[in-house]
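Please read it alongside the model shown here.

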Amino acid sequence: MKTASEIRSEFLSFFEEKGHTVVPSDSLVPGSDPTLMFTNAGMNQFKDVFLGEGERSYRRAVDTQKCLRVSGKHNDLEEVGYDTYHHTFFEMLGNWSFGDYFKREAIRWAWELLVGTWGLDPDRLYVSVHEGDAALGLEADDEAADCWKEETTISHDHILYCGSKDNFWMMGDTGPCGPCSEIHVDMRSDDERASVPGQSLVNADHPQVIEIWNLVFIQYNAQTDGSLTPLAAQHVDTGMGFERMVAVLQGKKSNYDTDLFLPILDGIAALADLEGVGCYDDALRLPETEGERIRTALRVMADHVRTISFAIADGVIPGNAGRAYVIRRILRRAVRYGYQTLGFREPVLSDVVRIVVDLMGGQFAELIEKKEYIQRVVESEERSFLETLGTGIQLFDTLLPQIEAASSGHPVPQTRAVRDLLEKSMPDTPSEEERLTLFEETASKGLIPGPFAFLLHDTFGFPIDLTALMAREAGLGVDMDGYTACMEAQKSRARAASSFKVDQSGEDGWTRIGDGPTSVFTGYDTLVEEGVSVRGVQSVPGGERGETSYRLLLDRTPFYAESGGQVGDTGTLYAGDEEIQVLDTRRIGGQIVHMVNALPADPHAALTARVSAGRRHRTAKHHSATHLLHAALREVLGTHVEQKGSLVAPDHLRFDFSHFERVSDDDLRRVERRVNEAVQRNIALGEERSVPMKEALERGATALFGEKYGEQVRIITFDPEWSMELCGGTHVAATGEIGLIRITSEGSVAAGIRRIEAVAGMDAYDWLEGELGELQRTRACFKSLQHPVDEEVGHLQDSCRELEKELQAVQQRALDAATNDLLAAARAVGDVQLVTGSLEGADMNALRSATESLREKAGQGHVLVLGSADAAEGKVYLCASVSDDLVERGLSAGKLVGELAKIVGGGGGGRPTLATAGGKKPDNLQRALDAADTNIQGYLTR
């Protein structure tokens, strides 16, 4: 039996011998196509050739392309694990002709490989060709049918004519397109094939009569009016699902039974430590329902670990938006199956990554190169989700019986747990009765309430599709309208908290002045603009201090409006002798709005706009430093680093980026050294305006995924081989102007997101001066230094710790002596020996320790109540102990200390044998101690 690796190698070698160039797989992250979230087909990397916008040095190509189908119309996620052939990650084998050979060669070679090289039974193969389409003005593709008849030995009744749905391929509504010819294989038994002809099952979703190869013949160009025109050059684009082909050649009914998956499945089963299940097939010996539940979980985890391994290797770290969130969803889906079905409570996926790398690293070297990195990212993400997963599942299970009851028409038990859960998930619905009514209305329809689904998402990190999956397993759905409403409400609250809105239409206080262009930005070329006209004025009453604020729109302006993380400019507007201070500049509703301290006396007067040059230049230094920092981080930490947010101010910068762990001190120093080397090189700024977006991406410019760009973009370059980004901000003319860059802090913002703060220019010099001053002051604290300052401070700390231990020992001896005196002064309350007393200067820990020590000495028949007061802090501590024999008689330290705590203005509790309390009335400590007698007498007389 051929191995998967052999099958892949034979495919590539077969076409290489036919004059094809073996082309490496493109990344899962499409570098030149911003319309795609992930590469989802083999043709993605050749799209520009088909569109006539690019060319290659070869006319024939063969490859195996990494693909992900987890979003949009190509979304296989929900089916993964529940059938035998859907996958999120898969390989697409393909051979390509760019204006070279066409139908005849493609068909001949396909047959030669399948039948001649791989030995498939011709009688089990069926092919389909396009039957024609009157709407497209196309006749049947008899040319392809004739090629099958003339170039192969296929039975003519195995050549089927099918419609455009299955046999006409289009790249989009317009553009290259053409008929295709699909090859199907019938994997049924001979008896089944004799009973039902395979022709009737082609394209009928039969699990054993499946498509294995699609040959696309690109020969037309679709026009906007729906018509088709012939292309000058005809192309061939073929795609063979590798996992499916391996199953066919290995004689397996399921892709998961092949050597592409079995080692992963068996590895997970071995890690699970399930009784009687040491490998994937062992689950077949269990009762059918339980066995299939385990096998489904194993299939999901195996598929998903392949996906996340390849995605992380190609630079996608799990996160909260875009591609990153898709990978987080997939990883968390795998974790949940492992947790609920296979019993995993500690991270295991990183161990499974190793198996994936061993299996596929031979073909995809990036897996081997980034193995340890992938494992660290996966473990970090898995550990983070495990911290909240169990609680979220517990809450889901709490609500599930209530929903099932309501959906069956039974009354919903109004338990305290349910009421508390509804209060958490519906905080904006104050009435408990309203919450229960809303819950019952939704639950009666068999739906998980939207607010509860949102609670799982927002608090416990459950992606909505994970909640939907858990609901589906229980025979329920999710109230998506309610979930979406909660999500939108949260977004609205966030927007309201972080921004304000003004009406640019002339309403809401805006007065339009004159006609003509508005907000033309000239600030890249000048900081002073003369003869500026006012286009709009606005007075906004009720600022933060109740004062009126003012805003201006100008026809053109050198003032940069806050965007892309860079703060807005400040400066001055001049109208004759009148000076108006520009306090801030913001972009609102597509306009550049100047926040000013007053409106011009004559709004029709020409103005001179002058940006604060010093502040702008300081800001530019920090913005250029941000670009250098981004490039250095990618160089030192890896290309997975992507910008996730930034702040560029005159006095500092803040840069958020994707990375799974703390950046080590050594790596921080390497990054800082690298950016300062770039400063010393005095690299000249490269600025290009109005560059077509596609061209910019093809040249390698860094763009932020999810960021909205126009058709024309601006490229900022500091060394084309190192730092080239799409950016609308302001920058220095050369890196030497920055002077110095110093990283001041590094920390975590969220899971998988780190933040670096830094200063540049004189701000960096001032920061360093402050650090050196602090160092000098520290040195001055020592009369003489025998060692470097850090070592001397370390010695001092060691000495302090030793002295603290000695002090604690002295205090403990004093406490022991005091408690011995207290024990000697025990007094009888009935047949109980009561010990009370105050220990001066003892905190809660010392008080508890003294009580435990005294309890051991006192033995049976004793109740201890000790206290300590700190008048300066306004605090009082109590600790009570009841011997075991008295606990059996009904006395409880927890209840006793709880009653006494009321006297000192606090509360507390604990075990029947030992309990603590605190209060805010230290003057009442003695009263509380004296009250112990009365409380004990009360318990004894009950």
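**Notes on rings, backbone and cores**

1. In this predicted model, the charged end of arginine 299 is placed over the ring of tyrosine 256, at 6.0 Å from the ring centre.

2. In one of them, the ring centres of phenylalanine 11 and phenylalanine 15 are 5.1 Å apart. Phenylalanine 11 and phenylalanine 15 are both buried.

3. Phenylalanine 102 and phenylalanine 217 make an edge-to-face pair, with 5.8 Å from centre to centre and 65 degrees between the planes. Phenylalanine 102 belongs to the loop between strand 5 (89-98) and helix 3 (103-117), whereas phenylalanine 217 belongs to strand 10 (residues 209-222), so the pair ties together parts that lie 115 residues apart in sequence. Each of the two, phenylalanine 102 and phenylalanine 217, is buried.

4. One aromatic cluster is formed by Phe46, Phe50, Tyr58, Trp96 and Phe98.

5. Most residues other than glycine have a negative phi. Serine 519, however, has a positive phi near 60 degrees; this residue is located in the loop between strand 14 (510-512) and strand 15 (520-521). With a relative accessible area of 12%, serine 519 is buried, because the cut-off for that class is under 20%. Aspartate 719, likewise not a glycine, has a positive phi of about 75 degrees, and its place is the loop between strand 27 (712-718) and strand 28 (723-726).

6. Which residues have the most contacts inside the largest nonpolar core? They are Phe11, Leu114, Trp148, Ile183, Ile212, Trp213 and Leu349, in a core of 134 residues. Helix 13 (residues 371-407) gives the most to this core, contributing 14 residues. Apart from this core lies another, of 31 residues, which includes Leu629, Val663, Ile716 and Val732.

7. Isoleucine 212 deserves a separate entry. Leaving aside residues up to four places away in sequence, isoleucine 212 touches a set of residues that includes Leu114, Leu120, Leu125, Ile183 and Val185. Among its other contacts are His184, Gly239, Met240, Arg244 and Val248.

Methods. Residues are numbered from 1 along each chain as its sequence is written. This is a predicted model: local features need pLDDT of at least 70, side-chain atom pairs count only at pLDDT 80 or more; totals for chains, interfaces and linings use all residues. Side-chain values use heavy atoms; hydrogens and water are left out. Rings of Phe, Tyr and Trp (its six-membered ring) pair if their centres lie within 6.5 Å; planes under 30 degrees apart count as stacked, over 60 as edge-to-face and the rest as tilted. Buried means under 20% relative accessible area, exposed over 50%, partly exposed in between (1.4 Å probe, protein chains only). Helices (H or I, at least four residues) and strands (E, at least two) are DSSP runs, numbered from the N terminus. A charge sits over a ring if NZ of Lys or CZ of Arg is within 6 Å of the ring centre and within 35 degrees of the ring normal. A nonpolar core is a set of buried Ala, Val, Leu, Ile, Met, Phe, Trp, Tyr and Cys residues joined through side-chain atoms within 4.5 Å. Contact means heavy atoms within 4.5 Å.
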